[in-house]
Amino acid sequence: PPPSQNNEQGSTLRDLLTTTAGKLRLGSTDAGIAFAPVYSTGTASGKSGRTMPNILDDIIASVVENKIPPNRAPKITVKSEIKDEPKDDKKCIQDDCSKRYSDIQYSWICDKHVLWLRDHKNSNNWKLFKECWKQGRPVLVSGMHKKMNFSLWKAESISLDFGNQQADILNCKDSIISNTNVKEFWDGFEDVSKRQKVKNGETALLKLKDWPSGEDFKAMMPARYEDLLKSLPLPEYCSPEGKLNLASHLPGFFVRPDLGPRLCSAYGECVAATKDHDIGTTNLHIEVSDVVNILVYVGIAKGNGVLSKSGVLKKLEEEDLDDLLRKRLKDSSELPGALWHIYAGKDADKIREFLQKIAKEQGLEVLPEHDPIRDQSWYVNKKLRQRLFEEYGVKTCTVIQFLGDAIILPAGALHQV
């Protein structure tokens, strides 16, 4: 609410953080709040002393001061809350959603781990999304391409407008990066005969990574930038001006991650043709912020050595897919374009340990400072995904991204594409 309506200190998150941070003074014994701030002991010189207070503790204390008068003890009802808490949280949410959000077209996929919002136009989608997002689960929204100017995103259109630009191009087969004219990449996007060859005569599997990105995207492609922004799913969360987009409204003293947008383009059909699907265009990694990834275009490549559409579909059917995803594969109006494997953030340590174990089995040097997830050095193939489940109990969430699908991932979720 505007200040004229509510002058209570800390009435918004921005006010609370800003006013609290302003009170914190180095060496102060009183930050002007109800409880003494928590200090860490010791300094760089080894002497005992006080350093900067723990900001989170001071914020919590400030909230307590604002909401509970000093002469009144808070009413505690923890016992009854625990008593009423459902045992199966996932089942409870789904049962509750079916009653409360009967006007929303949605399904649960991947063993009920991923929410699929099937009608991108429903203005109430964000209410159900909020319930799922609180649990840190991925969300799929389909049909976003119906809101976009499709001609802007065709390979030949981008090549025609920006073919003279230079960019870093990654060969996913040997991890070699070269700086070259992007026209070469786009010319081979749907014509295999125009693709680069590597030393052994194989066709290069190229990826144009994060080009353009952030402010460069907006400056270089203003029409596409505007088309993307008006087509974002769940604008309350995903739009830069969204009322629930926390990153866009943080106070200035926070360091924000790169929020994009960025364009990621890659050749994909050669991946499906490799033995055991050993190669990906994006290796297993973690993003530090929430991510929305929209598949704006799917090219159908032609030429020797490329699987037909039916061949690609057959390869995808070999994956451990949800029944609803298999049904989408059989729908001739749907166009699959990317295969995702997603893991919950809580499984990161198990996956890290597993990959280090596999590296040792393969005779690779494992340095103490080496982090296989941070370094993005692994694409976990089907055999390894099975071992990961059998040996560590970590199950893979497999999602096929079709044209127009938006995949929304919470920060910390591991994924490969």
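**Exercise 1.** In which sense do strand S6 and S7 pair, and over how many bridges?

*Solution.* The model is predicted. Step 1: locate strand S6 at residues 206-208; S6 and S7 pair in the antiparallel sense, over 2 bridges. Step 2: find a facing pair of residues. Leu 208 stands opposite Ser 265 in S7.

**Exercise 2.** Work out the order of the strands in the open sheet, and state which strands stand at the edges.

*Solution.* Step 1: the open sheet is formed by 4 strands, and their order is S5-S4-S6-S7. Step 2: the pairing is antiparallel. Step 3: look at the edges. Strand S5 (176-181) and strand S7 (265-266) stand there with a single partner strand each, so one side of each has no neighbour in the sheet.

**Exercise 3.** Describe how helix H14 and helix H15 pack, and name the residues that meet.

*Solution.* Step 1: recall what is needed. The angle between the axes and the distance between the axes describe two packed helices. Step 2: H14 covers residues 348-361 and H15 covers residues 382-392; they pack at an angle of about 115 degrees, and their axes are 11 Å apart. Step 3: the crossing of H14 and H15 is right-handed. Step 4: list the contact. From H14 come Lys 350, Ile 351, Glu 353, Phe 354, Lys 357, Ile 358 and Glu 361, which meet Leu 384, Arg 387, Leu 388, Glu 391 and Tyr 392 in H15. Step 5: sort by class. The contact of H14 with H15 has 6 nonpolar and 6 charged residues, but no polar ones.

**Exercise 4.** Decide whether Thr 396 is buried or exposed, and find what its side chain joins in a polar contact.

*Solution.* Thr 396 lies in the loop between H15 and strand S11 (397-402). Step 2: apply the cut-off, since buried means under 20% relative accessible area. Thr 396 has 14% relative accessibility, so it counts as buried. Step 3: the side chains of Thr 396 and Tyr 343 are joined by a polar contact of 2.7 Å. Step 4: leaving out residues up to four places away in sequence, Thr 396 touches His 341, Ile 342, Tyr 343 and Arg 385.

Terms used: Residues numbered from 1 in each chain as written. Predicted model: local features only at pLDDT ≥ 70, side-chain atom pairs only at ≥ 80, totals over all residues. Heavy atoms only, no water. Axes fitted to C-alpha atoms, helices over the stretch in contact; angles between N-to-C directions. Left-handed = near helix turned anticlockwise from the far one by under 90°. Contact = heavy atoms within 4.5 Å. Nonpolar A, V, L, I, M, F, W, Y, C, P; charged D, E, K, R; others polar. Pairing = 2+ DSSP bridges. Buried < 20%, exposed > 50% of the residue type's maximum accessible area, 1.4 Å probe, protein only. Polar contact = N/O pair within 3.5 Å; in protein donor to acceptor, adjacent residues only side chain to side chain.
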